[in-house]
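This report describes one protein chain for a reader who is new to structures. Please look at the sequence and the model before reading on.

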Amino acid sequence: MAQFTEAQFQKLLQTMGNNVRNGSFSHCTARFHGQIDPAAVEEFLTVSVYKDIEHISDADALTGLQLLLEGYAANWWIAVKSTVSTFEKAKALIKTTFSPPMPDWRIFAIIYEQRQQKAEPTDSFVCKKRLLFSQLKSAVAEEIQLNIIFGLLQMKIRERVRRENVTTFEELLSACEKQNTH
């Protein structure tokens, strides 16, 4: 086993510390324009994953956030950035500003307001509706979500896929896909 003097140990630590790279958002392709859209906000906030993978410090992430904001969002950030001290607070502020919570009754109205369109892929339709369900203050059981979404599917799908044969969204999508291939 190797033994180090205190000076050698400190030099080794310093050398190791120099090999840790501090990343930045300079190569991140995520962008946010400031639209009031919960899905766009959630998609943009996945920059947290990029931040973690690239080992971007909180301070560097706050500074670099402006690189990812465009249009109205960039102007908004210039006005509010002096009030934000951490990256987590910046994310929370983006969320409350551009994805204000809707009351549950409004979310249900949006869920029910449109049926699946003729040319709309089933997986895309189901994904949009599930995103809406995820915004509710209280979780709705998957079986109830399935019942509601199934009732909003195109008639031809409801005629070919028996609701009582599917117990999960994965089974529903699989059954719908099988019906499209025959």
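## A loop residue

Asn-165 sits in the loop between α10 (155-160) and α11 (169-181). Helices (H or I, at least four residues) and strands (E, at least two) are DSSP runs, numbered from the N terminus. Asn-165 is exposed because its relative accessible area is 54%; buried means under 20% relative accessible area, exposed over 50%, and partly exposed in between (1.4 Å probe, protein chains only). From C-alpha to C-alpha, Asn-165 and Ala-175 are 9.0 Å apart in space, and they are 10 residues apart in sequence.

## Basis of the model

The model is predicted: local features need pLDDT of at least 70 and side-chain atom pairs count only at pLDDT 80 or more, while totals for chains, interfaces and linings use all residues. Residues are numbered from 1 along each chain as its sequence is written, and side-chain values use heavy atoms, with hydrogens and water left out.

## The chain as a whole

The chain has 11 helices and 0 strands. Of its 182 residues, 33% are buried. Contact means heavy atoms within 4.5 Å. Among the contacts in the chain with a separation of 6 or more, 58% are between residues 24 or more positions apart.

## Two nonpolar cores

A nonpolar core is a set of buried Ala, Val, Leu, Ile, Met, Phe, Trp, Tyr and Cys residues joined through side-chain atoms within 4.5 Å. The largest one has 24 residues, and those with the most contacts inside it are Phe-25, Phe-32, Phe-44, Leu-65, Leu-69, Trp-77 and Ile-94. Two or more residues of this core come from each of α2 (38-44), α4 (58-68), α5 (71-80) and α6 (87-98). The most are given by α5, with 5 residues. Leaving aside neighbours within four places in sequence, Leu-69 is in contact with Phe-32, Phe-44, Ala-74 and Trp-77. Another core, of 22 residues, lies apart from the largest one and has Ile-111, Leu-146, Val-166 and Leu-172 among its residues.

Helix α4 has the buried residues Ala-61, Leu-62, Gly-64, Leu-65 and Leu-68. Their cover includes α2, α3 (47-53), α5 and α6.

## Helices α8 and α9

Two packed helices are described by the angle between their axes and the distance between the axes. The axes of α8 (residues 122-134) and α9 (residues 142-152) come within 11 Å and cross at roughly 135°. Therefore α8 is oblique to α9. Axes here are lines fitted to C-alpha atoms, for helices over the stretch in contact, and angles run from 0 to 180 degrees between N-to-C directions. Angles under 35 degrees count as roughly parallel, over 145 as roughly antiparallel, 65 to 115 as roughly perpendicular and the rest as oblique.

Which residues of α8 and α9 make the contact? Helix α8 supplies Phe-125, Val-126, Lys-129, Arg-130 and Phe-133, and α9 supplies Glu-142, Gln-145, Ile-148, Ile-149 and Leu-152.

Glu-120 is in the loop between α7 (104-113) and α8. Is Glu-120 buried or exposed? Glu-120 counts as buried because its relative accessibility is 15%. Not counting residues up to four places away in sequence, Glu-120 touches Arg-115, Phe-125, Lys-128 and Gln-154.

Asp-123 lies in helix α8 and is partly exposed, with a relative accessible area of 49%. Asp-123 and Leu-172 are 49 residues apart in sequence, and their C-alpha atoms are 9.4 Å apart in space.
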